[in-house]
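Here are my notes on the model. Please read them with the structure open beside you.

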Amino acid sequence: MRIQAVSIATVLATTVQVHGWSSSGPALFAGASVNVKNSALFSTETSSVDTSSYANADRYCTDHPNNNVPPHIAELVGRGLHTKPDHPIGIVRAKIQEYFASLPEEYHEFDAEDPIVTCTQCFDDLRIPPEHPGRSPSDTYYISDDTLLRTHTSAHQSMHLRDGYETFLCAGDVYRRDEIDASHYPAFHQLEGVKLFDPATVSAADGLTREEWLQSPECKMISDDLKATLEGLMDHLFGPVEKKWSEDYFPFTEPSFECEILYQGEWLEVLGCGVV
């Protein structure tokens, strides 16, 4: 059984940024037709969840000896910027959801999950090994030995798959102990999508070695579908644009890819993706 997973991140510092490109320059996604009047774009599978408790710094700053969440970070949690129709992050999110809503598959939308996750959800389920630097307290905000502020929306991936969802989008605020610069901020947002393929269409890939899998027609079929889907998303966000793909590495996808677009005369990295 093979899954294709995609993720795209926007970063909020003093201005909205997409992997280092700041909206303080030309208008964000200039030329795209942005329509946020349709409230359905902001519907969520978790709309019944009371998210008001998320905006409570006491949840994140505890007296646990290994808690390393400073008050100024705790105050950033629970603002729900990605669900606000008039916020730049909310506008980008609406455009992405608008595109996936136009596809033949029905993508369920999750945007109100608890930002506190377990180490199992955030790391173990994604094949991130114990020695990986991303698990270090110097990189991650820990609430206790076993719980933390999610470092990526992928932390919810295994839960939704176990619950039986085969196509879904997951959006939310994520946190990493990054030094602040032009392209980094400790709090930012990600939107991730997952599509599960029918086991019958990839059954011939069962039992293959890593090398055999990467050379298999099933791998090519899913990779081509993944790239075509995301190229359509880029055109939806930026208008028709030149794109290029390069290989990347993520512990939980193989193969993994990075997509760049030629925007205003410069190559702009816009997303990473891969096959689980």
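1. Start with Cys122. Its closest cysteine sulfur belongs to Cys119, 7.7 Å away, and that is too far for a bond. A disulfide needs the two sulfur atoms within 2.5 Å. Cys122 is also buried, because its relative accessible area is 0%. Keep in mind that this is a predicted model.

2. Now try Cys259. Which cysteine sulfur is closest to the sulfur of Cys259? The one in Cys273, at 7.4 Å, which is again too far for a bond. Cys259 counts as buried too, with 0% relative accessibility.

3. Next, the helices. Two packed helices are described by the angle between their axes and the distance between the axes. Look at α2, residues 88-101, and α6, residues 217-238. Their axes come within 10 Å and cross at roughly 130°. That angle makes α2 oblique to α6. The crossing of α2 and α6 is right-handed.

4. Which residues of α2 and α6 make the contact? From α2 come Lys95, Ile96, Glu98, Tyr99 and Phe100. From α6 come Ala228, Thr229, Gly232, Leu233, His236 and Leu237. Sorted by class, the contact of α2 with α6 has six nonpolar residues, three polar ones and two charged ones. Find these side chains in the viewer.

5. Turn to the backbone. Most residues other than glycine have a negative phi, and most peptide bonds are trans. Check the bond between Glu254 and Pro255. The peptide bond joining them is cis, with omega about 5°. Pro255 lies in strand β10, residues 253-263.

6. Two residues have a positive phi without being glycine. Arg127 has a phi of about 60°. Arg127 sits in the loop between α3 (119-122) and β6 (147-149). Is Arg127 buried or exposed? Arg127 counts as exposed, because its relative accessibility is 56% and the cut-off for exposed is over 50%.

7. Gln264 is the other one to check. Its phi is positive as well, at about 50°, although Gln264 is not a glycine. Gln264 lies in the loop between β10 and β11 (266-275). Its relative accessibility is 47%, so Gln264 counts as partly exposed.

8. Look at Asp58. It lies in the loop between β3 (21-22) and α1 (71-74). Asp58 is exposed, because its relative accessibility is 63%. How many residues separate Asp58 and Glu75 in sequence? They are 17 residues apart in sequence, and 9.3 Å apart in space from C-alpha to C-alpha.

9. Finally, step back to the whole chain. The protein chain has six helices and 11 strands. It holds 276 residues, and buried residues make up 49% of them. Consider contacts between residues at least 6 apart in sequence: 65% of these join residues at least 24 apart.

Note on methods. Residues numbered from 1 in each chain as written. Predicted model: local features only at pLDDT ≥ 70, side-chain atom pairs only at ≥ 80, totals over all residues. Heavy atoms only, no water. Buried < 20%, exposed > 50% of the residue type's maximum accessible area, 1.4 Å probe, protein only. Axes fitted to C-alpha atoms, helices over the stretch in contact; angles between N-to-C directions. Helix = DSSP H or I, 4+ residues; strand = E, 2+ residues; numbered from the N terminus. Parallel < 35°, antiparallel > 145°, perpendicular 65-115°, else oblique. Left-handed = near helix turned anticlockwise from the far one by under 90°. Contact = heavy atoms within 4.5 Å. Nonpolar A, V, L, I, M, F, W, Y, C, P; charged D, E, K, R; others polar.
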